[in-house]
Amino acid sequence: MRPLGQRLPLLRSPVPGPRSRAAIDRLARFECPAITARRARRAQALGAAHDDPIVWAEAIGANIVDADGNLFVDLCAGFGVATLGHRDPEIVQAARDQAELLLHAMGDAYPDLTRIALLEELAHAAPGGLCQAILSLSGADAIDAAVKTALLATGRTGVITFQASYHGLSLGATPLGAYKSAFVEPFRRIVHPDVRHLPFGAPSSMVRDALRTQQVGLVLVEPVQARGGCRPAPPGWLHDLREACTRTGTFLAFDEVYTGFGRTGRAFACEHEGVIPDLLCVGKSLGGGYPISACLGTEAAMAAWGASRGEALHTQTFLGHPIGCATARVTLARLPQTATACAVLGESLRRRLTDAGLTVRGKGALLGVELGAESLRISRELLQRGFLALPAGVDAEVLSLTPPACLTAAQQDAFVHALQELL
Ligand SMILES: Cc1ncc(COP(=O)(O)O)c(C=O)c1O
């Protein structure tokens with residue numbers, strides 16, 4: 001039998017099973033009700049199938065084991081985090097070694113050696129002159145840092161982002177996204193008022209007009225929209241944005257929280273087009289499963305903050321957490337191989353899907369199967385067959401596939417076969 005991590009689904013109970021369901025009931029008593037969907041309650045009322053989430057107990061490689069011992073194949077890589085696979089042995093070892101040595105340092109007050117090594121390596125891995133960074137814990141943190149940096153550097157408060165974009169849900173990042181207005185509306189009165197969403201791929205003239213007529217300090221864009229529907233930017237468009245920003249002294253930031261560290265087949269998605277932003281936000285797979293993120297910038301961009309005067313203008317208790325830094329160093333050391341593996345996996349998965357008559361978009365191992373209104377149903381029914389794949393897009397119009405790079409050929413075949421049966 002293949003080792004755990006490379007196995008095909010094996011279901012021992014209905015999905016979700018009794019242990020998952022009992023755990024979800026416990027969760028519902030103690031977690032804010034807005035966090036975990038308990039679809040079963042609604043579904044039961046509608047007389048539909050039980051479709052509460054499963055509760056994870058263990059994950060390795062491309063396999064998830066739930067509380068009932070059911071074995072799943074993960075085509076999400078845990079929201080794009082486990083690009084190296086779940087519980088990658090080198091990541092686990094690095095976390096263990098670091099925990100034995102130094103579990104916590106003191107952010108901006110007393111740095112530690114692992115953080116310094118990571119920052120050097122990050123500068124080396126990043127494209128262009130993006131050689132300085134603000135470390136943080138989540139993708140949204142990195143976006144917040146980019147917004148602050150752009151304001152300090154340009155003195156302008158306006159931000160342009162793009163329709164269907166998703167940049168996280170911190171108070172700073174919430175109004176920048178245009179993925180779902182429901183994320184913003186309740187907080188409209190307390191979020192950044194000066195944000196404009198242009199169409200993704202907006203004509204250059206529209207971007208130039210927006211930059212000319214408004215006090216815009218930052219243009220923020222995902223080179224491949226991930227949650228917004230696995231949509232790559234049109235060819236040449238990032239170049240046009242770069243040119244328009246340079247001409248008007250506006251900062252250009254790429255949100256590569258999802259696409260960074262090999263996911264699209266290159267170390268960073270912007271490398272496909274050879275366009276270098278002023279700021280680059282990364283997170284998710286950087287820590288290989290440990291929360292760490294960064295806003296990278298050129299030396300000139302970061303100079304806008306001025307030197308620390310004893311108390312940092314921007315910091316966190318856990319800034320540059322030693323374990324996150326240690327695991328991120330593993331991600332960086334393996335970056336060229338990971339990017340190649342994602343390119344190869346993306347090609348082979350795309351070929352299998354198109355051979356099955358399906359229409360696929362995306363880049364590298366960030367793919368969207370165009371299933372239209374069927375995406376949500378298919379995603380739920382795939383779970384019943386042991387495959388995790390989430391819908392994406394403003395209207396949930398694609399089934400998004402961002403698997404671990406180690407997804408085997410047999411797992412790909414089994415997934416495509418299950419998908420075909422459900423269609
Ligand atoms: C492109 C992009 N930016 C930012 C974020 C926010 O990251 P986090 O959830 O770690 O705050 C996400 C999360 O999915 C994302 O996809």
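Predicted model: local features only at pLDDT ≥ 70, side-chain atom pairs only at ≥ 80, totals over all residues.
Biologist: What is the order of the strands in the open sheet of seven?

Modeller: Read across the sheet, the order is β4-β12-β11-β10-β7-β5-β6, and the pairing is mixed. At the edges are β4 (132-136) and β6 (195-198), each of which pairs on one side only. From one strand to the next the twist averages 20°.

Biologist: Which strands does helix α7 lie across?

Modeller: Helix α7, residues 204-213, lies across β5, β6 and β7, and runs at about 170° to β6.

Biologist: Where is P277 found, and is P277 buried or exposed?

Modeller: P277 is found in the loop that links β10 (251-255) to β11 (279-282). A residue is called buried if 20 or more other C-beta atoms lie within 10 Å of its own, and P277 counts as buried because it has 30 C-beta neighbours inside 10 Å. Leaving aside residues up to four places away in sequence, P277 touches L252, A253, F254 and C270. The C-alpha atoms of P277 and P127 are separated by 9.0 Å, although these residues are 150 residues apart along the chain.

Biologist: What share of the contacts in the protein chain, at a separation of 6 or more, comes from residues 24 or more positions apart?

Modeller: Such residues account for 74% of those contacts. For the chain as a whole, 51% of the 423 residues count as buried. The protein chain has 13 helices and 17 strands. Its radius of gyration is 21 Å, close to the 22 Å that the globule rule gives for 423 residues, so the chain is as compact as a globular protein of that length.

Biologist: How many residues stand between β1 and β2 in their hairpin?

Modeller: There are two residues between β1 and β2, and in the turn G61 has a positive phi of about 55°. Strand β1 (residues 56-60) and strand β2 (residues 63-66) run antiparallel and are joined by four bridges, with A59 standing opposite I64 in β2.

Biologist: Which residues other than glycine have a positive phi here?

Modeller: Most residues other than glycine have a negative phi, and most peptide bonds are trans. Among the exceptions in this model is R87, whose phi is near 50°, and which is found in the loop between α3 (77-80) and α4 (89-101). R87 is partly exposed, because 17 other C-beta atoms lie within 10 Å. Another is A396, with a positive phi of about 50°, placed in the loop between β16 (390-392) and β17 (398-401). A396 is partly exposed as well, with 19 other C-beta atoms within 10 Å.

Biologist: Where is the peptide bond that is cis, with omega near -5°?

Modeller: That bond runs from V15 to P16, and P16 is found in the segment before α1 (18-30).

Biologist: How should I read the two sides of a helix, and which residues of α13 are buried?

Modeller: An α-helix has 3.6 residues a turn, so residues three or four places apart point the same way. In α13, the buried residues are Q411, Q412, F415, A418 and L419. They cover an arc of only 130° around the axis, which puts them on the same side of α13. On the other side of this helix, A409, Q420 and E421 are exposed. The buried residues of α13 pack against β3 (71-74), α11 (335-355), α12 (375-384) and β15 (387-388). Helix α13 itself, residues 409-422, has 14 residues and reaches 20 Å from its first C-alpha to its last, close to the 20 Å expected at 1.5 Å a residue.

Biologist: What is the order of the strands in the open sheet of four?

Modeller: The order is β13-β14-β17-β16, with antiparallel pairing. The edge strands are β13 (360-363) and β16, each pairing on one side only. Strand β14 (residues 366-370) is joined to β17 by four bridges, and the bridge partner of V369 in β17 is L399. Helix α11 packs on this sheet, where it touches β13, β14 and β17, and its direction makes about 10° with that of β14.

Conventions: Residues numbered from 1 in each chain as written. Rg over C-alpha atoms; globule rule 2.2 N^0.38 Å. Buried ≥ 20, exposed ≤ 12 C-beta atoms within 10 Å, placed from the backbone. Contact = placed C-beta atoms within 7 Å. Pairing = 2+ DSSP bridges. Axes fitted to C-alpha atoms, helices over the stretch in contact; angles between N-to-C directions. Expected span 1.5 Å × (residues − 1). Arc of directions from axis to C-beta.
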